[in-house]
Amino acid sequence: MTAGSQPCPSSNQSHTISNQSVFDTIVIGSGIGGLVTATQLAAKGASVLVLESYIIPGGSSGYFEREGYRFDVGASMIFGFGTKGTTNLLTRALEAVNVSLETIPDPVQIHYHLPGGLELKVHREYDNFLQELTAHFPDQRQGIRKFYDECWKVFNCLNAMDLLSLEELGYLTRVFFQHPLACLGLVKYLPQNVGDIARKYISDLELLKFIDMECYCWSVVPADKTPMINAGMVFSDRHYGGINYPVGGVGKIAQKLVEGLEKAGGQILYKARVGKILLEKGKAVGVQLVNGKEYRAKRIVSNATRWDTFEKLLPADQMPRVERKWQQRYQKSPGFLSLHLGVKADVLPPGTECHHIVLEDWENMEDAEGTIFVSIPTLLDPNLAPEGYHVFHTFTPSWMEDWQGLSPRQYEHKKEEAAGGLIERLERIFPGLDAGLDYMEVGTPRSHRRFLNRMDGTYGPIPRRKLMGLLGMPFNRTAIPGLYCVGDSTFPGQGLNAVAFSGFACAHRIAVDLGF
Ligand SMILES: NC(=O)c1ccc[n+]([C@@H]2O[C@H](COP(=O)([O-])OP(=O)(O)OC[C@H]3O[C@@H](n4cnc5c(N)ncnc54)[C@H](O)[C@@H]3O)[C@@H](O)[C@H]2O)c1
Ligand SMILES: CC(C)=CCC/C(C)=C/C=C/C(C)=C/C=C/C(C)=C/C=C/C=C(C)/C=C/C=C(C)/C=C/C=C(\C)CCC=C(C)C
């Protein structure tokens, strides 16, 4: 990825910001977590300034354009655009600032191509999915139904209530009186992981490996380390609100949120890289950009990862004890090696689905370049590529260590070699892929660190060992008064709908703190 032909940011990108001495809130970073916090607060009447180091908003949900193709940089399978219930947090976040986005329903969440010829589609229709899975494991029929039905129990609890800050006693009391059973249900599942529940119902080892993959492909850890609350959301919402792709690409979500933010009186500044969070008497009072410019606010929110926040924006040697403890529980997941491909349309057989997972040997599921993810968004929105071509985003876990200490030539060579290996493996599913290539741009964890500002290019935090479900994930307040975190290193973790939740919660907590 190079910055060369990035799209221009929206119109008011002059570097002047209204002459305000102290904002109610400054948000560092315009990922979806940061933007949901900002829009929620602006909608409540708070004065908000978002500072984004890049030239467009969105972070991992951004995009870039090359030769008529529009590529999503990271997030590609979008939850949270449902039309009913309370868990459709992206729809709600947009609505709160009077904007909306057209989306295209995806009939199949994932087409799995797994070891031993296990070919399987997760249909939007729950019963169709269960039928297809049961056809592969007929003697596990009951267990399959019971396991996935238990995931629905979690989802139904969440989908019954307003989702706001669990750090705010008034909300907790209200929600408990309104939905006592749903709250008790969630309390029961908060410390649990998927693996233990799956093993209650399922005995077939291959099926348990499949459940591992069902978790791994979004949580980057197997079922034993994946919190049940998150699985309840993912395994049910894909059949409830569904997976829906934004018309115009994933980048539109952030663009619309910015439009809503500005309509509500909030401001955003691009190319504004925060170098330091300013503290006075131990309290966060402002930020300093790397160019020396300072902005002050009553509350500071960091949408940078926890590692970036507490090791770079604040002095690493003064890290609060709770943050050290958090680092003992969670580590950085690998980043991704991403191939952004433009491919001739005739490579794809009719009926090809948008999202694919490819793995040849169960032993390699968690290895670097083990599992391959493919997303072909032009099957839903053809306007993202020139006529007759598709966008073909292929990515696979990859560690920063493998890309360091290389000369520019070695780095380019290694990228080409890795891309060649992935394309060769994908030829089994998409014969003619290599010959049909029209364009290729390769991103590595180094690209993610450079363009998304994520330490080591990580996808996000993963437990170092089996933890008690979600109980170890911090909420939005931090040990530093006046400083909050939002995004995928806060409860409940990775995923656009998950970071949208963290944004709702963070804004709610700040609004109560500031008396809005
Ligand atoms: N990283 C990936 O490759 C990837 C892939 C798929 C999905 N996702 C998803 O993307 C979401 C991440 O969302 P998020 O809200 O946590 O944040 P994010 O990482 O998407 O966005 C953070 C934003 O903060 C900006 N930023 C960081 N440090 C800054 C600084 N010092 N000054 C100014 N700006 C700064 C970055 O440029 C970025 O725009 C998660 O849902 C994750 O699961 C990520
Ligand atoms: C009061 C009392 C007593 C109590 C209380 C209790 C309570 C209330 C509790 C509550 C809780 C809550 C609210 C919670 C919440 C949660 C949530 C919201 C969650 C969410 C989640 C989500 C998620 C996880 C998502 C995710 C997703 C993802 C990550 C995705 C990804 C994807 C990918 C990567 C893809 C790829 C693939 C291909 C391409 C194939």
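Student: What does isoleucine 357 stand opposite?
Tutor: Isoleucine 357 faces phenylalanine 373, a residue of β16. Strands here are DSSP runs (E, at least two residues), numbered from the N terminus.

Student: How many bridges join β15 and β16?
Tutor: Four bridges, with β15 (residues 355-358) and β16 (residues 372-375) antiparallel to each other. Two strands pair if DSSP finds at least two bridges between them.

Student: And what's the strand order in the open sheet?
Tutor: The seven strands run β7-β6-β15-β16-β17-β14-β18, with mixed pairing. At the edges are β7 (118-123) and β18 (437-443); each has a single partner strand, so one side of each has no neighbour in the sheet.

Student: Before we move on, what should I know about the model?
Tutor: It's predicted: local features need pLDDT of at least 70, side-chain atom pairs count only at pLDDT 80 or more, and totals for chains, interfaces and linings use all residues. Residues are numbered from 1 along each chain as its sequence is written, chains are lettered from A and ligands numbered from 1 in written order, and side-chain values use heavy atoms, leaving out hydrogens and water.

Student: OK, new topic: which atom of arginine 454 lies 2.6 Å from an oxygen atom of ligand 1?
Tutor: A polar side-chain atom. For glycine 33, a backbone N or O atom is 2.9 Å from a ligand 1 oxygen, and for leucine 496 a backbone N or O atom is 3.3 Å from one.

Student: How much of ligand 1 does the protein bury?
Tutor: 96% of the 870 Å² that ligand 1 exposes when taken alone, by the Shrake-Rupley method with a 1.4 Å probe.

Conventions: A polar contact is a pair of N or O atoms within 3.5 Å; within protein, one must be able to donate a hydrogen and the other to accept it, and residues adjacent in sequence count only if both atoms are side-chain atoms.
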